[in-house]
Every structure is written in C-alpha cells, then in structure tokens.
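Please keep the sequence and the model at hand while reading the numbered points.

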Amino acid sequence: MNAAIYAIIQKDIRGITSNKRLFSTIIIVPLVLTIVLPSIFILAIHFAPEELDELQEVLKLLPSTEQTKELDQMVLSLILNNIMPVFFLMIPIMTASIMAASSFVGEKEKHTLETLFYCPLSLKQIFRAKVLASFLLSMMVSFFSFFTMIFVVEMELILISGTWFLPNISWLLILFLVAPSISLIAITLIVRGSAKAQSVEESQQGAVFLILPIILLIVGQFTGVLLISTWILFLLGVFCALLAYILLKKAMGKFHYEILLK
C-alpha cells in the first residue's frame with residue numbers, strides 16, 4: 001500500500017478513536033445491539049416461556065429441520081440465527097456513517113483540506129484512502145461486536161440452560177458478504193455527500209435513510225411477513241456487492257476539486 005494512502009487511513013482512524021464522543025458512540029451502540037438485545041431475548045425465552053406462543057406464525061417459516069426441535073430451542077434459533085443477523089447489519093452502517101460523514105467535511109472544518117491536496121496523491125487516491133479508512137474501521141467494529149456477542153451468549157446459555165449456541169451459515173454471509181457490501185454502499189454515498197456538505201451534521205443526515213430498509217426487514221420478520229433465509233441473505237449480499245462496486249466506480253469518476261472547494 002502507498003505510504004501516503006496508509007498515512008491518511010491512519011490519520012482518519014486516529015481522528016475518530018481520539019474523539020471520545022464519537023468513539024463512545026461507535027462502541028456503545030454495537031454493544032447494546034450485540035449484548036443487551038440478545039440477553040433480553042435469552043432471558044425472555046427462559047423466564048417467560050408463555051410469551052413464546054406469540055411467535056407461532058413466525059416459527060412456521062423456519063426450515064423443516066428446525067421444526068423438530070423443542071419450542072424454546074426453535075425460538076432461540078429464530079432469534080439468534082434469523083433475526084439478530086438483520087439487527088447486526090445496523091453496526092457496519094452506523095460505524096461507517098460516523099467516520100465517513102466527517103471524511104472531507106471534517107477536513108474543511110479543521111481547515112486541513114488544502115494541506116491534504118499537497119500530499120503526493122491524486123484526488124481519486126485520496127478518495128479511495130478515505131473510503132478504505134471508514135471501511136476498515138467498520139469491519140473491525142463489526143468483527144469485534146460479533147465475537148463479543150458470541151462469547152456473552154454462550155456464557156449466558158451455559159449458565160441458564162446448560163446449552164450451546166451454534167451460529168449457522170447466515171452469520172458467515174453477514175460477516176463476509178452482506179455487511180462489507182452494505183458498509184461500502186454507505187461509505188461511498190456518505191463520503192460523496194461529505195464532499196458537498198458544509199458540516200458533519202449535514203453529512204450525517206443521509207445515513208438515517210440507509211437504516212430504514214434494515215428496520216423494515218426487522219419488522220417484517222417479527223410480524224411473520226418475511227423470514228430472512230440464507231438464500232435471501234446470499235442474494236442480498238451479491239446484489240449489494242454489485243451495487244457497491246457500481247457506486248464506487250461512479251463516485252470516483254465524478255469526484256473533482258471543484259466539489260470539495262465549494
């Protein structure tokens with residue numbers, strides 16, 4: 001990797017991790033989604049089994065191999081292997097949006113944009129470095145959140161019921177295909193918007209609309225309208241990967257100094 005690109009990536013990541021307000025948001029929100037939320041579900045399944053009847057319609061959508069299990073095991077599998085992966089997608093979007101939103105507009109606010117132009121890189125290389133910095137941080141937070149969730153969930157299940165949780169292939173698709181693709185889409189759109197924005201807050205406003213499709217998927221699962229299977233995740237991941245590639249190519253092609261200097 002070019003030393004100048006590496007320096008920009010390092011500077012951007014350090015700029016986020018040294019900001020206590022932004023860094024706490026990047027850490028606290030994922031931990032709530034991957035520790036607090038699964039813990040609530042696990043405790044509800046164990047201590048309020050009568051409430052499980054409300055999920056009967058959703059349980060009918062599970063594969064036939066899951067239908068043979070006990071009710072509490074079916075609900076646990078539904079929550080942890082079908083519903084939680086969709087919740088998890090909020091983490092790369094949220095992390096990417098926080099960092100990407102301040103990519104260029106942050107340079108404007110700190111009056112370092114002109115200095116950035118003096119580095120031995122083309123504008124496209126600078127854009128690529130900004131995108132890569134946000135992407136790397138997003139993936140680091142995503143993997144950290146996943147392994148933290150697995151550790152906590154396993155400990156809770158062992159202590160409460162003496163059972164184990166085995167993540168299915170959905171989590172592999174989430175971690176290595178869907179999450180990276182959605183993260184790149186969010187980063188590309190927000191970094192592109194950051195170049196035109198006059199403040200970090202203005203740049204972050206666009207990130208709200210990226211969360212809406214995830215919320216709709218979550219609502220659809222809880223209401224029994226749609227259950228996200230591994231095939232749906234795979235097709236969603238492929239679609240998002242292609243869309244991310246197209247958006248990235250187009251954004252880089254239209255990126256020029258006039259946009260940044262407005």
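1. Lys 130 is buried, with a relative accessible area of 1%; buried means under 20%, exposed over 50%, and partly exposed in between, calculated with a 1.4 Å probe on protein chains only. The side chain of Lys 130 joins that of Asp 12 in a salt bridge, 3.2 Å from N to O. A salt bridge here requires a side-chain nitrogen of Lys or Arg within 4 Å of a carboxyl oxygen of Asp or Glu. This pair connects distant parts of the chain, since Lys 130 belongs to helix α9 and Asp 12 to helix α1 (residues 3-17), 118 residues apart.

2. On the basis of the model: it is predicted, with local features requiring pLDDT of at least 70 and side-chain atom pairs pLDDT 80 or more, while totals for chains, interfaces and linings use all residues. Residues are numbered from 1 along each chain as its sequence is written, and side-chain values use heavy atoms, leaving out hydrogens and water.

3. Asp 12 also forms a salt bridge with Lys 11, where the closest N and O atoms are 3.2 Å apart. Asp 12 counts as buried at 11% relative accessibility, whereas Lys 11 is partly exposed at 33%.

4. Helix α6 (residues 90-101) and helix α9 (residues 123-160) have axes that come within 8 Å and cross at roughly 145°. The axes are lines fitted to C-alpha atoms, for helices over the stretch in contact, with angles from 0 to 180 degrees between N-to-C directions. Helices are DSSP runs of H or I with at least four residues, numbered from the N terminus.

5. Which residues of α6 meet α9? Ile 91, Pro 92, Thr 95, Ala 96, Met 99 and Ala 100 do so, contact meaning heavy atoms within 4.5 Å. Their partners in α9 include Ala 133, Leu 137, Met 139 and Val 141. By class, this contact has 9 nonpolar, 5 polar and no charged residues; Ala, Val, Leu, Ile, Met, Phe, Trp, Tyr, Cys and Pro count as nonpolar, Asp, Glu, Lys and Arg as charged, and the others, Gly among them, as polar.

6. Ser 97 lies in helix α6 and counts as buried at 8% relative accessibility. The side chain of Ser 97 reaches the backbone oxygen of Met 94 at 2.8 Å.

Note on methods. Helix = DSSP H or I, 4+ residues; strand = E, 2+ residues; numbered from the N terminus. Polar contact = N/O pair within 3.5 Å; in protein donor to acceptor, adjacent residues only side chain to side chain.
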